[in-house]
Amino acid sequence: MINYKKFTLSNGLTLLVHKDESTPIVAVNILYKVGSRNESPDKTGFAHLFEHLMFGGSVNIPDYDKPLEKAGGENNAFTNSDITNYYITLPKENLETAFWLESDRMLNLAFSEKSLEVQRQVVIEEFKQSYLNQPYGDVWMLLKPLAYKRHSYQWNTIGKEIKHIEDAKMEDVKAFYKKHYNPNNAILVVAGNVEANEILALTKKWFGDIPSGDSLNNELVQEPEQKEARFQEVYRDVPIDALYKVFHMDKRGSKDYYSADLLSDVLSNGNSSRLYRKLVKEEGIFSELDAYITGDFDPGLFVFNGKPAEGISLEEADKRLTKEIELIKSETVSDFELQKVKNKLEASRTFSETSILNNAINLAIAESLGDADTVNLEEEIYNKISVDEIQQIAQKIFQTKNSSTLYYCSNQKK
């Protein structure tokens, strides 16, 4: 159980305070409800670029890291399709330093051509190293536009192409900041041995005077139902072939989402899972095989990816994987099999909740989805899912017309 108190400032900033007396460290997490999904198709990669720019200093604090280091703090951030999230951990006695830093860059981020150019080059280099020059690095640059034709999930967080980052102009960057980095588009979570009334007072002191931004409509054009299977084959300079198969599924927080999450664990969580036991260990069809869900805020993807064992073609591996997928549609899993993955999930959640930073991030994400209390309801939701519901969600998702398959072939086999 993650206890918390919720407040909303007059400028729209949402504040959640989680009291945890077990640690002298406090986590300060601020989530902005902006990710790559909120970008224009011809100006992608901006949310991720902004994550970097936010560490370039603000008007009153030219060096973000130095005062935080003096306060004994650490910080980092991440961007995905749906959100951009910044977090700090520091000793309780220096907590106000975090408020000073975060409020100043929400209100007065320093924009300079030098900072933009430095971070632009950092992101371009990351694009090249992680996506273009890394074996299998461009997989999601192929899979996303294969699976999505309308929704903005069709491009990666890094962006569609390097040119969009190269062409980013100062006025574009400033407009993105003005639109999305405002109190009414942010959720602040403070977790640690703190009192809610004191945190509320600090929040009003440091964030209360920041003007609210324009009201944003975060509803996006949704992906229409897929009517036929899609397929793509590419050749790359990689050591071995790889198979990727994705199916559209429900959005995070929906009831069917939780069923799909458990289904992915039944199929691929651990050495006793179905896919590993049958297709890796017993039959030797794959050398490695995984199944997981993307967890997106709008309808996401149920993903299978694997590398066929030596001497096994992609066609043969695909056929055998499809047979296993069909099997879980036609017969229910055992109660024992389902309970086993529920137990693993509960153990993982219990361990996760020992971290105040994890609790802060999870509260922020749940609130951004509509209700922070979801973090306390999920255990019961998972526990109530039956073997029949697992079969039903498999039947709903794993339809051939709902699939997109990528054969990622080694040049060596050309």
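What covers the buried residues of helix H1 includes strand E4 (74-79), strand E5 (84-91), helix H4 (113-132), helix H6 (162-166) and helix H7 (170-180). The model is a predicted one, in which local features need pLDDT of at least 70 and side-chain atom pairs count only at pLDDT 80 or more, while totals for chains, interfaces and linings use all residues. Residues are numbered from 1 along each chain as its sequence is written, and side-chain values use heavy atoms, with hydrogens and water left out.

Let us stay with H1 for a moment. This helix spans residues 46-53, and eight of its eight residues are buried, where buried means under 20% relative accessible area, exposed means over 50% and partly exposed lies in between (1.4 Å probe, protein chains only). They are Phe46, Ala47, His48, Leu49, Phe50, Glu51, His52 and Leu53. Helices (H or I, at least four residues) and strands (E, at least two) are DSSP runs, numbered from the N terminus.

H1 packs against H7 at an angle of about 90°, with the axes 11 Å apart; axes here are lines fitted to C-alpha atoms, for helices over the stretch in contact, and angles run from 0 to 180 degrees between N-to-C directions. The two helices are therefore roughly perpendicular to each other, a label for angles of 65 to 115 degrees, with under 35 counted as roughly parallel, over 145 as roughly antiparallel and the rest as oblique. On the H1 side the contact is made by Phe46, Ala47, Phe50 and Leu53, and on the H7 side by Asp172, Val173, Phe176 and Tyr177. Contact means heavy atoms within 4.5 Å.

Next come the aromatic rings. Rings of Phe, Tyr and Trp (its six-membered ring) pair if their centres lie within 6.5 Å; planes under 30 degrees apart count as stacked, over 60 as edge-to-face and the rest as tilted. By this rule there are 25 aromatic pairs. One of them is edge-to-face and joins Tyr258 and Tyr382, at 5.1 Å centre to centre with 85° between the planes. This pair links distant parts of the chain, with Tyr258 in helix H9 (residues 255-268) and Tyr382 in helix H14 (residues 374-384), 124 residues apart. Tyr258 counts as buried because its relative accessibility is 2%, and Tyr382 does so at 7%. Elsewhere, one aromatic cluster includes Phe46, Phe50, Phe55, Phe176 and Tyr177 among its members.

Two rings also carry a charge over the face, which requires NZ of Lys or CZ of Arg within 6 Å of the ring centre and within 35 degrees of the ring normal.

| Charged residue | Ring | Distance to ring centre |
|---|---|---|
| Arg105 | Phe55 | 4.7 Å |
| Lys307 | Tyr136 | 4.5 Å |

Most residues other than glycine have a negative phi.

Ala27, in strand E3 (residues 25-32), counts as buried at 0% relative accessibility. Not counting residues up to four places away in sequence, Ala27 touches Ile88, Thr89, Val189, Val190, Ala191, Ile356, Leu357 and Ala360. Ser403, in strand E11 (residues 403-410), is buried at 5%. The C-alpha atoms of Ser403 and Ile356 are separated by 39 Å, although these residues are 47 residues apart along the chain.
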